[in-house]
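Here are my notes on this model. Please read them with the structure open.

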Amino acid sequence: MLITTNNNPVAFVRTTDEILKAGASRKAKLDIFSLMQGEPVFLETSLTDDGQLYDLAVFDSAGKPVLATGISPTHVFEGDTATGEDYASLAAYPSLCQAWDRLARVLAGRTVVSYQASETFYRLLFALSDCGIEFEFAGLVDASEALQRVLGSRHSLASAYELLGGQEAIGSDMAYGKALMLAQVYRSIADSVEEPLRSGTVSGAVYREIHNARNEKGSL
């Protein structure tokens, strides 16, 4: 809220709601900073119109791809995917059952971050059930909820990437592009917290919050 005298600005006062939002945003950034110390992985998938997995990608916390592959859908579907493939072209890729050993090694013991985690993991686990495979994740993070707390409102992954990364969205229909953008968004947020720590300008209160967040996740 801007306070003026004779139409000249003399002070700027934040409302209680603005203060609460700023505090929630700072806490969410600290949570992401703490999460990144544990080197999570970022998993994204793409689905056919009938909900079958046909594409997946995993990036590490440094923003580098560790696994990216097309997936042969279990059932024939009509038409093309969002990225232009039809069933015949995707049939050349391994099934999820065939790709699982590689994927399991990448995910084992890692917290896994996905933009819409509930949908991603429901579809992934549903597809794995066809292989007779059960898998327990070390930790799951829904990035859409985390980024909403950071930004104060809900954004698509592409718009969050453009806002925080200052770059045009890339490959938003492809698992590879989505995982890349998500990893870079999280890295950007973590770096925005880490830079004040390096310069020594962070307040004692913020340092305590970082310390507490790390303790909560068992990383100290």
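Which handedness does the β-α-β unit of β6, α4 and β7 have?

1. The unit made by β6, α4 and β7 is right-handed. The term means that, with the strands pointing away from the viewer, the path from the first strand over the helix to the second runs clockwise. Helices (H or I, at least four residues) and strands (E, at least two) are DSSP runs, numbered from the N terminus.

2. On provenance: this is a predicted model, where local features need pLDDT of at least 70, side-chain atom pairs count only at pLDDT 80 or more, and totals for chains, interfaces and linings use all residues. Residues are numbered from 1 along each chain as its sequence is written, and side-chain values use heavy atoms, with hydrogens and water left out.

3. The sheet is open and has five strands, in the order β5-β4-β3-β6-β7. Its pairing is mixed. Each edge strand, β5 (65-70) and β7 (139-142), has a single partner, so one side of each lacks a neighbour in the sheet. From one strand to the next, the twist averages 20°. Strands count as paired if DSSP finds at least two bridges between them.

4. Now the individual pairings. β3 (residues 41-47) and β4 (residues 53-59) run antiparallel, joined by six bridges. Phe 42 sits opposite Phe 59 of β4. β3 and β6 run parallel, with two bridges. There, Val 41 stands opposite Val 112 in β6. Four bridges pair β6 with β7, also in the parallel sense. Val 112 faces Leu 140 in β7 across that pairing.

5. Helix α4 (residues 117-129) lies across β3, β4, β6 (111-114) and β7. Contact here means heavy atoms within 4.5 Å. The helix runs at about 70° to β3. Axes are lines fitted to C-alpha atoms, for helices over the stretch in contact; angles run from 0 to 180 degrees between N-to-C directions.

6. The structure holds one disulfide (a pair of cysteine sulfur atoms within 2.5 Å). Cys 97 and Cys 131 form it, with an S to S distance of 1.8 Å. Cys 97 belongs to helix α3 (residues 96-107), while Cys 131 lies in the loop between α4 and β7, 34 residues apart. The S-S torsion of Cys 97 and Cys 131 is about -85°, so the disulfide is left-handed.
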